[in-house]
Amino acid sequence: MKLSEIKSQLPNLGQLTFLLPDGTSVPAHFHITEVGQVQKKFIDCGGTVRDEKSINFQLWEDGDYDHRLGAKKLLDIIELSERVLGLEDLEVEVEYQGDTIGKYGLDFNGEAFVLTKKMTDCLAKDKCEIPAEKPKLRLSSMQTASAGCCTPNSGCC
């Protein structure tokens, strides 16, 4: 979900809710401690130089149970970040503390923002000789090692 898509949803929300991938809600007293643009420049395992950029939100919650971040306040924070940091309209990733800091994608279900699972992947499968998909073989079409082996009355069993 791009930053502009989030901004377009915020004015329509009475309550700001984030859901974890398992459907449970991030506690209502969460706080967004960071809004920023992240640039990652790296070399993949095939030797290709890559450059990725994204917008990052850091969600945090602690013992401040009276704290509630509203949709209007988040929109104000995003607009300030755009002015001060010159944010681009990029995909948003969310950091949230579980057993360790988790990194999530973001979606919207019509009522709440949903943290989506992100997975690692090899970016150079062609150079690493990793097949795009495991080949499917039909056992009935496979040739036997020698003609007549394991056929009825062949004596192999």
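## A walk through the fold and its contacts

Of the 157 residues in the protein chain, 29% are buried, where buried means under 20% relative accessible area, exposed over 50%, and partly exposed in between (1.4 Å probe, protein chains only). The model you are looking at is predicted, so local features need pLDDT of at least 70 and side-chain atom pairs count only at pLDDT 80 or more, while totals for chains, interfaces and linings use all residues. Residues are numbered from 1 along each chain as its sequence is written, and side-chain values use heavy atoms, with hydrogens and water left out.

Let us begin with the overall layout. The protein chain has 3 helices and 6 strands, arranged along the sequence as α-β-β-β-α-β-β-β-α. Helices (H or I, at least four residues) and strands (E, at least two) are DSSP runs, numbered from the N terminus. Among contacts between residues at least 6 apart in sequence, 64% join residues at least 24 apart; a contact here means heavy atoms within 4.5 Å.

Now step inside. In soluble globular proteins, nonpolar side chains tend to be buried together. The largest nonpolar core in this model holds 30 residues, of which Leu10, Phe18, Phe57 and Phe113 touch the most other members. Such a core is a set of buried Ala, Val, Leu, Ile, Met, Phe, Trp, Tyr and Cys residues joined through side-chain atoms within 4.5 Å. Elements that each supply at least two residues of this core include helix 1 (3-9), strand 2 (31-43) and strand 3 (49-60). Helix 2 gives the most, with 4 residues.

With phenylalanine 113, phenylalanine 18 forms a stacked aromatic pair, 5.4 Å centre to centre and 25° between the planes. Rings of Phe, Tyr and Trp (its six-membered ring) pair if their centres lie within 6.5 Å; planes under 30 degrees apart count as stacked, over 60 as edge-to-face and the rest as tilted. This pair links distant parts of the chain, since phenylalanine 18 is in strand 1 (residues 18-19) and phenylalanine 113 is in strand 6, 95 residues apart. Both phenylalanine 18 and phenylalanine 113 are buried. Phenylalanine 113 also forms a tilted pair with phenylalanine 108, at 4.9 Å centre to centre with 55° between the planes. The structure has 7 salt bridges, each a side-chain nitrogen of Lys or Arg within 4 Å of a carboxyl oxygen of Asp or Glu. Glutamate 93 forms one with lysine 103, their closest N and O atoms being 3.5 Å apart. Glutamate 93 counts as buried because its relative accessibility is 14%, whereas lysine 103, at 48%, counts as partly exposed. Glutamate 93 also meets lysine 118 in a salt bridge (3.0 Å, N to O). Glutamate 93 lies in strand 4 and lysine 118 in the loop between strand 6 and helix 3 (125-128), so this pair ties together parts that are 25 residues apart in sequence. Together, Glu93, Lys103 and Lys118 are linked in a network of salt bridges.
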